[in-house]
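Let's take a walk through this structure together. Have a look at the picture below, and then we'll go part by part.

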Amino acid sequence: MMNTLNKLSLNNEKVLIRVDFNVPLNDQGKITDDTRIRAAKPTIDYVLSKGGSCILMSHLGRPEGKNPKFSLSQIQDKVSEILEVPVIFAEDCIGKEAQERANSLQNGQVLLLENLRFYKEETKGDKSFAKQLSKLGSVYVNDAFGTAHRAHASTAVIASFFQKKKVLGKLLEQEVSAIDKVMNTGKKPVLAILGGAKVSSKITIIENILDKIDHLIIGGGMAYTFVKAQGGTIGDSLCEDDYLQYTKDLLALAAEKKVQIHLPIDVICAKEFDNDSNSQIKPIDSIPEKWMGLDSGPESINKFKSVILESKTILWNGPVGVFEFSNFAKGTIALGEAIAESTVNGAFSLVGGGDSVAAVKQFGFQNQVSYVSTGGGAMLESLEGKDLPGIAALRA
Ligand code: AMP
């Protein structure tokens, strides 16, 4: 059984929390998107409200050794502003200063440690580094979904130094529950929408989810490999020729498992990979030579929409067009609108993994779906059916 925060007494405890404060910074060291800090707030607030103190540890970027450009001191003020409490900073994540600051921490206080990745031992999952970190706190909480798929010192190895007092943070709890709602306990019909550029990067996901879903919409760049394999003409559209046979096998497997596959019917194709390119609507299997499909056409959108509105559980991973170009974003926006409508009607909708999250945020749907995942790689690996090291370590 997985332990959660509310199963522990936190009064007088020094709670060591692995957060994901790997936020984007501009050239002046200013945060351009503070979502990840806000996402950790419920756990931190909870610990403080129960009479504990918080020691926050995170990585930032990929520094090679100590480098001020990657110092977490740059985000100290922002963390304090979001948490609405003063934040103490330790200029190292292990060693004398960090230990002293942790020792003298009072209930209700928050300490932020310097970047964990200033030590290569962090990503190597070094045991003695993990042990030094573990000495800073009396309870270990993992709330960093963004790195839960990594067996790093602070995300997984450290848990073995806490006998029972190791738990999921509130964010991780939400992520795990959202995945569970889609993969295990979702109300039928369950629909997965997969888009994005490549079939090859989604193979393990498709194979894993075929046992869990009733409908699969395949859109975006990855659809053309399926269409070509079935004898369609796709012009210069994205295609992975090495995967033609694979897509045929997959369609057969889906039929065996009674999963209905929905491919686009028509597409908006362009002469060049450019927002201002000439464009025309064509059936997906007869795209003229030298033209490429960049967005879902109106008939595809209608078909996708009706499947979405009939579904009670929806997973969306990957845009169904080049949404970064405003002239080719209509399909992705229409999909978001349909998912929002289905959610209002009672469906559970999870958006996860990479570019669909970016699309949802760009077009303002994040509050109209049930859950938007905070982890790219971690969400993809969960959908692939893998047990994430950061979560498994809390069970041991
Ligand atoms: P992925 O990282 O595999 O989810 O792919 C996301 C990328 O796929 C986005 O940058 C989209 O612009 C791109 N994409 C979606 N549809 C197409 C398409 N029809 N042709 C080319 N790229 C596409």
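How much area do domain 1 and domain 2 bury between them? About 660 Å², and 60% of that is on carbon and sulfur atoms. Buried area here is the accessible area, taken with a 1.4 Å probe, that two parts lose on being put together, summed over both.

A quick word on what you're looking at: this is a predicted model, where local features need pLDDT of at least 70, side-chain atom pairs count only at pLDDT 80 or more, and totals for chains, interfaces and linings use all residues. Residues are numbered from 1 along each chain as its sequence is written, and side-chain values use heavy atoms, leaving out hydrogens and water.

Back to the two domains. Domain 1 runs over 5–173 and domain 2 over 186–383, with bounds that come from an automatic or database domain assignment. Their centres, taken over C-alpha atoms, are 36 Å apart. Eight residues from domain 1 and 10 residues from domain 2 make the contact, which means heavy atoms within 4.5 Å. On the domain 1 side, Phe145, His149 and Leu171 supply 69% of the area buried against domain 2, more than any other three residues. Between the domains there are zero salt bridges, a salt bridge being a side-chain nitrogen of Lys or Arg within 4 Å of a carboxyl oxygen of Asp or Glu.

Now for the sheet. It's an open one of six strands, paired in parallel, in the order β3-β4-β2-β1-β5-β6. Strands (E, at least two residues) and helices (H or I, at least four) are DSSP runs numbered from the N terminus, and two strands pair if DSSP finds at least two bridges between them. At the edges stand β3 (87–90) and β6 (166–168); each has a single partner strand, so one side of each is left without a neighbour in the sheet. Further in, β2 (residues 53–57) and β4 (residues 110–113) pair over three bridges, with Ile55 opposite Leu111 in β4. Helix α1 (residues 35–49) packs on this sheet, touching β1 (14–18), β2, β4 and β5 (139–142).

Finally, back to salt bridges: the structure holds 16. One of them joins Asp214 and Lys188, whose closest N and O atoms are 2.7 Å apart. Asp214 lies in the loop between α7 (203–209) and β8 (215–218), and Lys188 in the loop between α6 (170–183) and β7 (190–194), so the pair ties together parts 26 residues apart in sequence.

Note on methods
Axes fitted to C-alpha atoms, helices over the stretch in contact; angles between N-to-C directions.
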